[in-house]
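The sequence and structure are shown first.

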Amino acid sequence: MAQDDRRRWDEKYRSRGPAAVDTLQPPDFLRPYLDVVPRAGHALDLACGQGFAAVWLARRGLSVRGVDISPVAIEHARALSVLSGVSERCRFDTFDLDDGLPPGPPVDMIVCHQFRDRRLDAAVIERLAPGGLLAVCCMSEVGADPGRFRAKPGELTEAFAELDLIATGEGEGSAWLVARARSSPRNSPRSSPRKQ
Ligand SMILES: C[S@@+](CC[C@H](N)C(=O)[O-])C[C@H]1O[C@@H](n2cnc3c(N)ncnc32)[C@H](O)[C@@H]1O
């Protein structure tokens, strides 16, 4: 299945050609919350496509790793980072997220725009450093027909309930969430007072 996806996305990206630097913008859903987006640290962009979000974050000051199953998308993302003058803060790898997240240390931000795989939710939460920001946006069944890649009503808030919610929304076939990992996990044995 993933290989079919790869071929399909490769063809799409090949026909589109590399992105232009002047198209670089924050993802729309994140625009009202730019004040919570870090300006330093490490970020992970899951299913990064041509690297719009990743390169935008690198220009903001973060060191970013983007992964995508499409080698053509990854080639375009690398080119965009070079054209944008931030290639030293970007790393792009072809990676199949069907195999889970790429291994690595905790990060200060995870962005996942227009891609949804529920199987990754626990690993995404786990990968956030304390206080790390999660920004996800995907297709939704709210205001659209049900579909395999669409989040069900309330799915994102439920999936990421462990995080401190900053904002969320769903409608017109789209769902998004911005949330922060707790600095000290509540109800965890580590944060409970020790018995003497
Ligand atoms: C709708 S595009 C979004 C791309 C990018 N995040 C953006 O907003 O421009 C979905 C992306 O998911 C990638 N993708 C699909 N299946 C994948 C998988 N199993 N592992 C990694 N990436 C995958 C595709 O190659 C494609 O780039």
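The sections below treat the basis of the model, the fold, the nonpolar cores and the ligand site.

## Basis of the model

The model is predicted: local features require pLDDT of at least 70, and side-chain atom pairs count only at pLDDT 80 or more, whereas totals for chains, interfaces and linings use all residues. Residues are numbered from 1 along each chain as its sequence is written, and side-chain values use heavy atoms, with hydrogens and water left out.

## Overall fold

The protein chain contains five helices and seven strands, where helices (H or I, at least four residues) and strands (E, at least two) are DSSP runs numbered from the N terminus. Their order along the sequence is α-β-α-β-α-β-β-α-β-α-β-β. The radius of gyration of the protein chain, 17 Å, is close to the 16 Å that the globule rule gives for 196 residues, so the chain is as compact as a globular protein of that length. This radius is taken over C-alpha atoms, and the rule is 2.2 Å times the number of residues to the power 0.38.

Of the 196 residues, 48% count as buried, that is, under 20% relative accessible area (1.4 Å probe, protein chains only). Among contacts (heavy atoms within 4.5 Å) between residues at least 6 apart in sequence, 62% join residues at least 24 apart.

## Nonpolar cores

A nonpolar core is a set of buried Ala, Val, Leu, Ile, Met, Phe, Trp, Tyr and Cys residues joined through side-chain atoms within 4.5 Å. The largest has 30 residues, of which Leu-30, Leu-57, Phe-92 and Met-109 touch the most other members. Elements that each supply at least two of its residues include helix 3 (71-83), strand 4 (107-113) and strand 7 (174-180). Helix 2 provides the largest share, six residues.

Leaving aside residues up to four places away in sequence, Leu-30 touches Val-37, Trp-56, Met-109, Ala-135 and Val-178. A separate core of 25 residues includes Leu-97, Leu-128, Ala-151 and Leu-156.

## Ligand site

A polar side-chain atom of Tyr-13 lies 2.6 Å from a ligand oxygen atom. The protein covers 87% of the 600 Å² of accessible area that the ligand has on its own, as computed by the Shrake-Rupley method with a 1.4 Å probe.

Note on methods
Buried < 20%, exposed > 50% of the residue type's maximum accessible area, 1.4 Å probe, protein only. Polar contact = N/O pair within 3.5 Å; in protein donor to acceptor, adjacent residues only side chain to side chain.
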